[in-house]
Amino acid sequence: MYCNKTYHLMKQDIEQLKQTASQVRRDIVRMVHACQSGHPGGSLGCTDFLVALYFNIMKNDPSFNMDAKGEDLFFLSNGHISPVFYSVLAHAGYFDKAELGTFRKLNSRLQGHPTTHEGLPGVRIASGSLGQGLSVAIGAALAKRLNGDDSIVYTLHGDGELQEGQIWEAAMFAPHNKLDRLIATVDYNGQQIDGPTEMVLSLGNLKAKFEAFGWEVLEEPHGNDMASVVAVLEKAKSLTGKGKPIVILLKTGMGYGVDFMMGSHKWHGVAPNDEQLATALAQLEETLGDY
């Protein structure tokens, strides 16, 4: 069971969460622009999810240790959306937000894909080689069970990532072992680097597939509405401990919050130029101060 001294839950209300999300989106476009490299599209689309998770849902400790006894865990499987992950960690107090200005630069701890050897607080696995995060989360959930720790393990995956076979091996393993403190979320934006997922390799009926494997499935069509995101995460938490892992199919918009990026796979991994940055920032309110 968790120890009170490591329990940390920010519990921002919906309006505060929206303000945090606006600042995170500003950080994302500025980070990617500064180094002219990175993945803004999925980062912008997943902002509401990660802000809700770290500032309202998850019990976590920004002082950070790898053992994480009594803490909920989060594993970013689609590691290319590191800009949103780094920004959220910084605003949650894991490291100084000024470090966001070093994104993807030489000797920075903020690599394009998160790595553990950099020693960045909040990063528990190297990710970005797609398909592996669910397996890692399963291992962590098994360890917490052995330790008598009933904390929850969360993951985030891209929908294109579900084309990886390892995901489905893990998807079989988790229900078989009744890992019911596991909540996986799929960023269901319908886009990947080469185009719409339906054109690259159709995912079919994901709800039916996960249910057939033995998962509890939640669908949220409004993945960029903060109140809806908080509500579905709370619903998922209420279903833990009942014998099944839970998966949330979260419909988001690629590039959400910046009009010329929204809904297009072309912004999966392209940095804005100076003019595009100015246009994007004009649409995103500065609420917590730029780094």
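The count of salt bridges in this predicted model comes to nine, a salt bridge being a side-chain nitrogen of Lys or Arg within 4 Å of a carboxyl oxygen of Asp or Glu. Residues are numbered from 1 along each chain as its sequence is written. As the model is predicted, local features need pLDDT of at least 70 and side-chain atom pairs count only at pLDDT 80 or more, while totals for chains, interfaces and linings use all residues; side-chain values use heavy atoms, with hydrogens and water left out.

**Salt bridges**

Side chains of opposite charge can pair when their charged atoms come close.

| Pair | Closest N to O distance |
|---|---|
| Glu234 and Lys11 | 3.3 Å |
| Arg26 and Asp290 | 2.8 Å |

Glu234 forms a salt bridge with Lys11. Glu234 lies in helix H9 and Lys11 in the segment before H1, so the pair ties together parts that are 223 residues apart in sequence. Helices (H or I, at least four residues) and strands (E, at least two) are DSSP runs, numbered from the N terminus. Glu234 is partly exposed at 30%, and Lys11 is partly exposed at 44%.

Glu15 and Lys18 are three residues apart in helix H1, a separation of about one helical turn. Lys18 has a relative accessible area of 41% and is partly exposed.

Arg26 forms a salt bridge with Asp290. This pair links distant parts of the chain, with Arg26 in helix H1 and Asp290 in the segment after H10, 264 residues apart. Arg26 is buried, at 9%, whereas Asp290 is partly exposed, at 25%. Salt bridges that share partners join Arg26, Glu286 and Asp290 into one network.

**Nonpolar cores**

A nonpolar core is a set of buried Ala, Val, Leu, Ile, Met, Phe, Trp, Tyr and Cys residues joined through side-chain atoms within 4.5 Å. The largest has 60 residues, and those with the most contacts inside it are Val29, Phe49, Leu53, Tyr54, Phe74 and Phe95. Elements that give two or more residues to this core include helix H1 (14-35), helix H3 (47-57), strand S1 (73-76) and helix H9 (226-238). A second, separate core has 28 residues, among them Phe75, Ile125, Ala137 and Ala184.

Leaving aside residues up to four places away in sequence, Tyr54 touches Met10, Asn60, Phe74, Phe85, Val88, Leu89 and Tyr94, where contact means heavy atoms within 4.5 Å.

**Cavities and pocket**

Rolling a probe the size of a water molecule over the atoms shows where empty space is left. On a 1 Å grid over the protein atoms alone, a cavity is a set of points where a 1.4 Å probe fits but cannot get out; a pocket is an open set with protein on both sides within 12 Å along at least five of seven lines; lining residues have an atom within 4 Å of a point. Grid points are joined across faces, edges and corners, and a volume is the space filled by probe spheres set on the points.

The structure holds three cavities of 30 Å³ or more.

The largest pocket has a volume of about 310 Å³. Its lining has 21 residues, of which His80, Leu130, Gln192, Ile193 and His268 are the closest to its centre.

Notes. Buried < 20%, exposed > 50% of the residue type's maximum accessible area, 1.4 Å probe, protein only.
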